[in-house]
Amino acid sequence: MPNTVLWREIQRHNFTSLKSLADFLELTPTQIKELDLHSLFPLNLPRRLAQKIPKRTLDGPIFRQFVPLIDEKIEKVGFSCDPLSENQARPTPKLLHKYNERALMLPTSGCAMNCRYCFRRHFAYETNKPGFEEELAYIRADTSLREIILSGGDPLSLSNPNLATLFTELEQIPHLRRIRIHTRFPIGIPERIDQELVDILKACSLQIWFVIHCNHPTELDVEVLEALKRVPAPLLCHSVLLRGVNDSIQTLKALFERLVDHGITPYYLYQLDPIAGAAHFEVSEERGKAFMEELTLHLSGYALPKYVREIAGQGSKTPV
Ligand code: SF4
């Protein structure tokens, strides 16, 4: 079976039924009452991540990141469905243009897993229109653009042939220099980094930057790290500061050290975007700043990500 089929086949077996996951995790009826069985942002969890969740508990970094809890119904002032006003910066259905010289393409709405704190959990993706005609026309017309960021949904949800076609289209635009891929796919399904994908990345004449999204050291197991080693591009990591997941010095230090040990540069630590449904993940900026100050005393400069937040309408990320 070719690998391209293998990762799709694995993805097909993701947990998407909360009832099945509750059985798998041996949750008690009382614990099941804490789950949000009717969330509009559904459960989508690769088996290998589910296997990292301890049984009979509602706790732990993997459980909290991926399993819908009734806590998501908590309403908090300032938390909304479009906290970054992305719809104001959307010149075409699958493209956001927020920053100078860079534009962000949303080539797909699909992800390997659904992260409960995702700031696009309410985003109205364009899913009816195939292809990227309008987006490519926009990129061709704006000669100030240098970099195209492929973001999520997860761009590695695209098939290899579709990715290769998109790369070929982008390569033909003379003012572009770089493609940046934002992905969480290898954390859930490392098989996605198959030889065909590696060959496509190698063959691309534009420079590629590969940015993974990872929040806890337990996500970086041997298979994930082996897969990432095959990526023929500089590797960076985005993380989000999340209550009950990584809000401790020990966890953040272990995460950043593990990344650096494996040649991955911790790039940004994000303050949580105030997206409706994720208020229970919020860590105050004061605590975040205290973590960073303490970490500065222990980690080399290259192991410390920039602690930033995104503010709607600002031309770049804002340091916290
Ligand atoms: S992988 Fe990224 S885009 Fe997809 S749900 Fe998670 S945070 Fe959102």
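The model is a predicted one, in which local features need pLDDT of at least 70, side-chain atom pairs count only at pLDDT 80 or more, and totals for chains, interfaces and linings use all residues. Residues are numbered from 1 along each chain as its sequence is written, and side-chain values use heavy atoms, with hydrogens and water left out.

**Ligand site**
- Around the ligand you will find Cys111, Met113, Asn114, Cys115, Cys118, Gly153, Arg184 and His213, each with a heavy atom within 4 Å of the molecule.
- This shell is made up of four nonpolar, three polar and one charged residue; Cys and Met count as nonpolar, Arg as charged, and Gly as polar.

**Two domains**
- An automatic or database assignment sets the bounds, giving domain 1 (3–73) and domain 2 (86–319) in the protein chain.
- To their contact (heavy atoms within 4.5 Å), domain 1 brings 26 residues and domain 2 brings 38 residues.
- The C-alpha centres of domain 1 and domain 2 are 23 Å apart.

**The interface**
- Between them, domain 1 and domain 2 bury about 2700 Å², with 55% of it on carbon and sulfur atoms; buried area is the accessible area (1.4 Å probe) that two parts lose on being put together, summed over both.
- On the domain 1 side, Trp7, Phe41 and Gln65 lose the most area to domain 2, together 27% of what that side buries.
- Five salt bridges cross the interface of domain 1 and domain 2, each a side-chain nitrogen of Lys or Arg within 4 Å of a carboxyl oxygen of Asp or Glu.
- Arg48 forms a salt bridge with Asp221, where the closest N and O atoms are 2.9 Å apart.
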